Amino acid sequence: MAVQLRVADVVEQTVSIVFGPGSPDVPHVYTDGPPESPHRYSDGALCMWYPYDAPEQRWVRADGPEALLGHVVAHLLREQWWRSTGEWPGQEAPHGT
């Protein structure tokens, strides 16, 4: 699934959400927007939460697509803030690339 995303204060971009056959409940989210971010995986996917967070701290399929897009928008806003200030707003978990 791909959506064109228009959010105030964020560059317009296309967001692609991919569910792999090996992990159909785990979304991999990609964007064609600015790639600079301390919270992206090596393949460019957004790192929106720690994979082992409790269900209430991450998206689960029962939350629905609107909630997933909410996580994406929040992440992109945090990236924009980080690019402007050098500070990441919100919680962070240590992770590799």
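A salt bridge is here a side-chain nitrogen of Lys or Arg within 4 Å of a carboxyl oxygen of Asp or Glu, and the side chains of arginine 83 and glutamate 79 meet in one, at 3.1 Å from N to O. The model is a predicted one, in which local features need pLDDT of at least 70 and side-chain atom pairs count only at pLDDT 80 or more, while totals for chains, interfaces and linings use all residues. Residues are numbered from 1 along each chain as its sequence is written, and side-chain values use heavy atoms, with hydrogens and water left out.

**Sheet and helix**

- Three strands, in the order β1-β2-β3, form an open sheet with antiparallel pairing; helices (H or I, at least four residues) and strands (E, at least two) are DSSP runs numbered from the N terminus, and two strands pair if DSSP finds at least two bridges between them.
- The edge strands, each pairing on one side only, are β1 (2-5) and β3 (23-31), and the twist averages 25 degrees from one strand to the next.
- Strand β2 (residues 13-20) is joined to β1 by four bridges, the two running antiparallel, and valine 3 stands opposite valine 15 in β2.
- Helix α1 (residues 65-85) packs on the sheet and touches β1, β2 and β3, its direction making about 130 degrees with that of β2; contact means heavy atoms within 4.5 Å, and axes are lines fitted to C-alpha atoms, for helices over the stretch in contact, with angles running from 0 to 180 degrees between N-to-C directions.

**Salt bridges**

- The structure holds five salt bridges, and one of them pairs arginine 6 with glutamate 12, whose closest N and O atoms are 3.3 Å apart.
- Arginine 6 is exposed, at 63% relative accessible area, whereas glutamate 12 is partly exposed, at 45%; buried means under 20% relative accessible area, exposed over 50%, and partly exposed in between (1.4 Å probe, protein chains only).
- Aspartate 25 forms a salt bridge with arginine 61, with the closest N and O atoms 2.8 Å apart, and this pair links distant parts of the chain, since aspartate 25 lies in strand β3 and arginine 61 in the loop between β3 and α1, 36 residues apart.

**The pair in helix α1**

- Arginine 83 and glutamate 79 are four residues apart in helix α1, so about one helical turn separates them.
- Glutamate 79 is buried, with a relative accessible area of 1%, while arginine 83 counts as partly exposed at 26%.
- Salt bridges that share partners join Glu36, Arg40, Glu79 and Arg83 into one network.
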